[in-house]
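Try each task before you read its solution.

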Amino acid sequence: MKYKSICIIPARYGSKRVPRKNIINFFGKPLIGHVIQNAIKSNCFQKIYVSTDSIKIKKISEKFGAVVPYMRSKKLSNDKAVVSDVIRDFLKKVNINKNIKLITVIYPTAIFVNKKLISKSISKISKNVNFVSTVKKFPHPIQRAFVLKNKKIRPISKTNFKKRTQDFKDTFFDAGQIYVFKIKNFLNNENSFNSNTDLIELNELESVDIDNFSDLKNAKKIFKLNKFS
């Protein structure tokens, strides 16, 4: 079954670790410009929306082909704002065509989410799959994690710390790139933890979650290597 989707890119102005990171220049374009263009190239969306509290981001987003139907409130634009609340606010304020069954959320710095990944993510939604997300594998078993306390190593689990790395199952973390979900299930408060979910595993060269300047530097290296544009 093929579902129709809209794309929502949540892009607030404030960012402490990398100021204005959503619109920082990245190989001649603002980061969000790359993301919008990739979404357009996918031909997967009826419309591409940007949710923002910034007039500057609004103008840039519209320049690259996205729609900004309203300005997000300050309450939903601070450091404590949750993306799911931003999406709920969007669905209350914007009249979505009833034929649209899916929402695809792409973060404004997810420059490696290309048309192939977008199409693959949406295609995984089915009668038995309500949510799709991208993940990456922890390079080392987190079960053997430890902390440094009073200049001494303190294992989180003494039992696990003594085990071999090959004795543990693989563990994963959210790649922070793209999410696809059925609107109906989302409004029923279902999410990837309490609904049928499918995951797409990405490797180190397929995504970078840009949270700081080190991430940004790494993203530039990978961008050059893979010749994304």
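**Exercise 1.** Is glutamate 201 buried, partly exposed or exposed, going by its relative accessibility?

*Solution.* This is a predicted model. Start with the cut-offs: buried means under 20% relative accessible area, and exposed means over 50%. Glutamate 201 has 43% relative accessibility, so glutamate 201 counts as partly exposed. Next, take its partner. The side chains of glutamate 201 and lysine 137 form a salt bridge, 3.9 Å from N to O. Lysine 137 lies in strand S6 and glutamate 201 in strand S10, so the pair ties together parts 64 residues apart in sequence. Lysine 137, at 32%, is also partly exposed.

**Exercise 2.** Find the salt bridge between aspartate 79 and lysine 16, and say which parts of the chain the pair ties together.

*Solution.* First, the distance: the closest N and O atoms of aspartate 79 and lysine 16 are 2.9 Å apart. Second, the places: aspartate 79 sits in the loop between helix H2 and H3, lysine 16 in the loop between S1 and strand S2, so the pair ties together parts 63 residues apart in sequence. Last, the network: salt bridges link Arg12, Lys16 and Asp79.

**Exercise 3.** Which residues of helix H3 are buried?

*Solution.* Go to residues 83–93, which form helix H3. The buried residues there are Val86, Ile87, Asp89, Phe90 and Leu91. Now look at what they pack against: strands S1, S4, S5 and S9, and helix H6. Finally, step back to the whole protein chain: 43% of its 229 residues count as buried.

Note on methods
Residues numbered from 1 in each chain as written. Predicted model: local features only at pLDDT ≥ 70, side-chain atom pairs only at ≥ 80, totals over all residues. Heavy atoms only, no water. Buried < 20%, exposed > 50% of the residue type's maximum accessible area, 1.4 Å probe, protein only. Helix = DSSP H or I, 4+ residues; strand = E, 2+ residues; numbered from the N terminus. Contact = heavy atoms within 4.5 Å. Salt bridge = Lys/Arg side-chain N within 4 Å of Asp/Glu carboxyl O.
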